Amino acid sequence: MRKSFAPIEMWEAVKNNNSNYDYMFYYGVKTTGVFCIPSCNSRTPLKDNVVYFRNVDEAIEKGFRPCKRCRPDLIGYNPEKKLVNEIKRLIETEYYLLKNVSSISEKIGLSKTQVYRLFREYLKFTPKEYLEKIRIEKACELLEDGILNNAEIGLEVGFASISAFYAVFRKQTGCSPGEFRD
Ligand SMILES: [Zn+2]
């Protein structure tokens, strides 16, 4: 799930307190034994003293303490954020089986309202939008493969009807599947 970054990219993020990388990775400072999220306002450490971690557990295992200023441990253990990631992962892997947001909430064991609330709180899109985005991404890959026809692709990625596939496809890409293929 988590993307890995090149050390140079992580160092740039630390140096610039880039919050876009928060919780994507963590950095520890060997001389203080403290670890932080990239945007932490503590003094920029020397490059040679910095070590990187993929998650909070890894930092703690290596003997680092969470910084008192940016509290990397708090959000790292946020169970709601974990749930959101779980739902996203479910959509990414089972998009073709999930009929709608109700089938997502059933699988996760939450109500539809709760799933919508979690997305509203932590992401800038709804679960329905995310499901459609993933489906269209997969559809584009299949169109490029050129093995299935448009109608087959629509069903393959989980749309209930061809018209629904065409409508969502046009909404997201600005063209029809046929135009995309060309
Ligand atoms: Zn910090």
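The paragraphs below go through the domains, the zinc site and the aromatic rings of this predicted model. Local features are given where pLDDT is at least 70 and side-chain atom pairs at pLDDT 80 or more, while totals for chains, interfaces and linings use all residues. Residues are numbered from 1 along each chain as its sequence is written, and side-chain values use heavy atoms, with hydrogens and water left out.

The protein chain falls into domain 1 (7-76), domain 2 (79-125) and domain 3 (129-181), with bounds from an automatic or database domain assignment. Between the C-alpha centres of domain 1 and domain 3 the distance is 40 Å.

The zinc ion is held by the SG atoms of Cys 36, Cys 40, Cys 67 and Cys 70, at 2.2 to 2.4 Å. Donors here are N, O and S atoms within 2.8 Å of the metal (3.2 Å for Na, K and Ca); water is not among the atoms, so sites may look incomplete. The arrangement is tetrahedral because the 4 donor atoms subtend angles of 104 to 119° around the zinc ion; four donors count as tetrahedral if all angles lie between 85 and 135 degrees. For comparison, the ideal angle for four tetrahedral donors is 109.5 degrees.

Along the sequence, the donor residues follow the spacing C-x3-C-x26-C-x2-C. Cys 36 belongs to strand β2 (residues 34-36) and Cys 67 to the loop between β4 (65-66) and α3 (72-76), so this pair ties together parts 31 residues apart in sequence. Helices (H or I, at least four residues) and strands (E, at least two) are DSSP runs, numbered from the N terminus. Cys 36 has a relative accessible area of 3% and Cys 67 one of 8%; each is therefore buried, which means under 20% relative accessible area (1.4 Å probe, protein chains only).

Aromatic rings come next. Rings of Phe, Tyr and Trp (its six-membered ring) pair if their centres lie within 6.5 Å, and planes over 60 degrees apart count as edge-to-face. The count comes to 15 aromatic pairs. One of them joins Phe 5 and Tyr 21 edge-to-face, 5.3 Å centre to centre with 70° between the planes. Phe 5 is in the segment before α1 (7-15) and Tyr 21 in the loop between α1 and β1 (26-29), 16 residues apart. Both are buried, Phe 5 at 11% and Tyr 21 at 16%.

Phe 165 and Phe 169 are also edge-to-face, since their centres lie 5.7 Å apart and their planes at 70°. These two buried residues sit in helix α9 (residues 162-173), about one turn apart. Elsewhere, ring pairs join Tyr 23, Tyr 26, Phe 35, Phe 53 and Phe 64 into a cluster.

Key: Four donors count as tetrahedral if all angles lie between 85 and 135 degrees; four count as square planar and six as octahedral if opposite donors are over 155 degrees apart and all others between 65 and 115; anything else is irregular. Buried means under 20% relative accessible area, exposed over 50%, partly exposed in between (1.4 Å probe, protein chains only). Rings of Phe, Tyr and Trp (its six-membered ring) pair if their centres lie within 6.5 Å; planes under 30 degrees apart count as stacked, over 60 as edge-to-face and the rest as tilted.
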